[in-house]
Structures are given as C-alpha cells and as structure tokens.
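Me: Hi! I've got a model open and could use a hand reading it. Can we go through it together?

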Amino acid sequence: MKSTIQIEGILGSSDSLAEEQSTIPSNYFTSTKNQVTNVQVTASYPKTGEYQSQYLIFSGVCLILLLFVLKKRKTTE
Amino acid sequence: MKKILSGLLIIGFLGGGAASIHAAEENVNGTNSASITVNGSLGQDNEDENAPNIDEGSDDWINVTLDTANIFYTTKDSQHKTITSPDYTITNNSGRAVKISAEDFTVTSGNLDNVDALKISGADYSAAEKSVDLKTFAEGEFLTLANNQGKMNVDTDAQSTHANTTTYKYSGTTKDEYYKGKAEQTAHTLTLAFEALGKDGNPVAP
C-alpha cells in the first residue's frame, strides 16, 4: 500500500513564510475487503445405507437361536 | 465337525457385530438430527492484534496516520544555509507492526541544484535514528513501527515494549551563500510504501 506526501520547500525566504505551516488532517488507510473464514464442522451425517451391520447381527442371533432350538429337539427325540 | 462350524459361525457374527457397533459410535446413523458446532467470524478489525479474518502480511492490516503535506525551509539564523522543518508524526494504529519505505521522491516544481544535502529522518520502533537521503534519492526502508500495543512480536513482546508512533523531520544544507539574497520555492512528492509485518514482527513471504 502506498501514500504520497506533498512537500513544499521554502529556500532563502523569510522565516515568516515558514510559519505558515499547515498540516492536512491525517490520512487513514481503511480496508474494504471482508472475509469469512474459520468455519469448523465437527460432526457430519453418514451416507445413506452405509451401515447395515445391525441387520446382520440380528439375523446372526436368530440363526443361533434356531440352531439351539433344533439341537434341543434332536436331543429330546 | 458340526460343532466347529457352528462355533466359527457364531464368532464371525458376534465379531462383525462388535466392529460395526464400535464404528457406529463415531458417526450419526439412524437418527433424524445431529448437532454441528459452527464458529463464524464476520468482519475484520485491523486494530485488534488477534483479529481472525485478516491474512498475515495482507494490506488489510495497514492502518497508519500521517501528515500528507509537509514543508521544509531555510533558517534566517543560519543565513539560509541550514534546512529544517517542523516535526511530523506517523502513528501505526494497526494490530501488526508496519514497515515504511521511501519508494519515490520527485521534484514537481523548482529544483534542488543549490541544495547540498537534504534528508528525511526519524526514530523507528527501537528509537534508532533512520534517514533517507532525498538529494541522492535511493529507494529503501525508512522506518518500522510496532503495533498499536507497542509490540513487534505479538505473541512474545510485552505491551509498550516498542514505539508505534514517531516523529520525523527534514534537514539539510544549501550551497554556500546562494540563498542569502535569493528566495525560491520548490515542490516535491514523496511516495511512501507500507508493508504489514507478520505476527512475529518479520516480513511475510508472498
């Protein structure tokens, strides 16, 4: 970023001229750009149908129970 | 044989189930809602040294107050041999230290033919005297100022360790007795370049 200063030189003139010093109000550099950053997502939804293990567990338990029932029947016969 | 097969079947099902239960603990599944933590940062304030939205080294950090009209003059006491000026102030209002360089100096009216020496000088953040020769101008660093908390390194420096404001002035000499009986006015443009330093007080690589 740049800024210019206008300088006036008074050489060999009377000092009274030099006393006519005036300062222009201070120049402020302001920024206009807005940014939105630092957005953090800590949890997300799984994809549809990604996890089906519950069904497998359920069917496995059913199979075990079936095996137990069949075995019990066999032994009673 | 049957017993072995059924045993393996049971282990397989239970093992797979346990693994799937462990995986389900880390993800949202089978529910119709989940909470998401979102930290939003809107807008920017370059006077806040911890402002989150401004890239290090960005021009958005630059916030400097300075006078844009200066004068220098010769003094009657020195029979117009000595050039001097009022003291002018530069203040860094930014949350980052700022390096100020003299990029260009042009004579827009008159000339400096009868000026032997002319320089602009001021104290930088460490109170060291810095100057730029305006007679034989060469582009270069002029001053570095600390941030508005008086820090060069935002993380490690204590508050008010360094200066964020300084004064500068013009000085020089004219040729022998040339201006003893002559008066001239000159006009110049001095271009200053500003560079926001990084959080550690060092320049940021582009």
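Reply: Happy to! This is a predicted model. Chain B has 1 helix and 10 strands.

Me: In what pattern do they come along the sequence of chain B?

Reply: Along chain B the order is α-β-β-β-β-β-β-β-β-β-β.

Me: What share of chain B counts as buried?

Reply: Of its 206 residues, 30% count as buried.

Me: And the contacts in chain B, what percentage join residues at least 24 apart?

Reply: That's 67%, taken among contacts between residues at least 6 apart in sequence.

Me: Switching topic: where is D59(B)?

Reply: D59(B) sits in the loop that runs between α1 (2-24) and β1 (64-66) of chain B.

Me: Why is D59(B) called partly exposed?

Reply: Because 16 other C-beta atoms lie within 10 Å of D59(B), and buried would need 20 or more, while exposed would mean 12 or fewer.

Me: What does D59(B) touch?

Reply: Not counting residues up to four places away in sequence, D59(B) touches M1(A) and A196(B). As for N46(B), 13 residues from D59(B) along the chain, their C-alpha atoms are 9.9 Å apart.

Me: OK, now the largest nonpolar core. Which residues have the most contacts inside it?

Reply: Those are I90(B), A97(B), V98(B), I100(B) and L145(B), in a core of 39 residues. In soluble globular proteins, nonpolar side chains tend to be buried together.

Me: Which residues is I90(B) in contact with, leaving aside neighbours within four places in sequence?

Reply: V64(B), L66(B), I100(B), L143(B), L145(B), T165(B), T166(B) and Y168(B) are in contact with I90(B).

Note on methods
Residues are numbered from 1 along each chain as its sequence is written. Chains are lettered from A and ligands numbered from 1 in the order in which they are written. This is a predicted model: local features need pLDDT of at least 70, side-chain atom pairs count only at pLDDT 80 or more; totals for chains, interfaces and linings use all residues. Helices (H or I, at least four residues) and strands (E, at least two) are DSSP runs, numbered from the N terminus. Two residues are in contact if their C-beta atoms, placed from the backbone, lie within 7 Å. A nonpolar core is a set of buried Ala, Val, Leu, Ile, Met, Phe, Trp, Tyr and Cys residues joined through C-beta atoms within 7 Å.
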